Amino acid sequence: MQPEVGAVLEGKVSGVTKFGAFVNLPGGKSGLVHISEIANTFVSDVAQFVSVGQTVKVKVIGINGDKINLSIKRAEEAQEAPRKRAPSQQCSAAPRPQQQSAQPTGQVAAPTEDQAFEDKLKQFMKDSDSRIADNRMYADRGRSRRRK
């Protein structure tokens with residue numbers, strides 16, 4: 001049985017290397033989970049996340065001849081995606097009316113994730129521009145002294 005791209009399968013880790021983990025799949029096939037597909041965080045040591053003999057859920061992300069590329073992090077995302085929305089929260093074609101805020105006047109609503117990200121990005125850009133301007137100013141001073 002040949003696995004298909006996009007299929008989520010369960011397999012056993014048969015080997016761990018510095019660049020990834022080999023996983024035995026049902027049907028006698030095996031594939032590689034590259035170090036970049038182990039987890040959503042930075043992975044410096046694969047052995048910290050998986051061990052030989054461990055059963056893991058993997059998603060087939062590519063097949064190139066006999067090589068099967070697998071992903072653990074995408075398999076987790078695929079499992080979490082259906083759970084994120086309850087049936088009552090399904091998208092509808094009709095737009096929803098805007099609701100008034102129930103907060104008393106004078107209080108600020110907690111920022112959403114997008115707003116918090118935008119605020120952080122604005123602060124980063126401001127700091128970055130300031131540092132670049134300082135560096136240019138000091139670089140220009142050094143050039144003018146050398147000319148004399």
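This is a predicted model: local features need pLDDT of at least 70, side-chain atom pairs count only at pLDDT 80 or more; totals for chains, interfaces and linings use all residues.
**Entry 1: Glu 37.** I place Glu 37 in the loop between strand E3 (30–34) and E4. Is Glu 37 buried or exposed? I count Glu 37 as buried, because its relative accessibility is 10% and the cut-off for buried is under 20%.

**Entry 2: the core.** I then turned to the largest nonpolar core, which has 18 residues. Val 23, Ile 38, Val 58 and Leu 70 have the most contacts inside this core. I checked which strands supply at least two of its residues each, and noted strand E1 (8–17), strand E2 (20–24), strand E4 (55–64) and strand E5 (67–71). E4 gives the most, with three residues.

**Entry 3: Val 23.** I listed what Val 23 touches, again not counting residues up to four places away in sequence. The list runs to Gly 11, Lys 12, Val 13, Ser 14, Lys 29, Ser 30, Gly 31, Val 33, Val 56, Val 58 and Leu 70.

**Entry 4: strand pairing.** How do E1 and E4 pair, and over how many bridges? I read an antiparallel pairing over five bridges. Within E4, Lys 59 is the bridge partner of Val 8. E4 and E5 also pair in the antiparallel sense, over five bridges. I find Asn 64 opposite Lys 67 in E5.

Key
Residues are numbered from 1 along each chain as its sequence is written. Side-chain values use heavy atoms; hydrogens and water are left out. A nonpolar core is a set of buried Ala, Val, Leu, Ile, Met, Phe, Trp, Tyr and Cys residues joined through side-chain atoms within 4.5 Å. Buried means under 20% relative accessible area, exposed over 50%, partly exposed in between (1.4 Å probe, protein chains only). Helices (H or I, at least four residues) and strands (E, at least two) are DSSP runs, numbered from the N terminus. Contact means heavy atoms within 4.5 Å. Two strands pair if DSSP finds at least two bridges between them.
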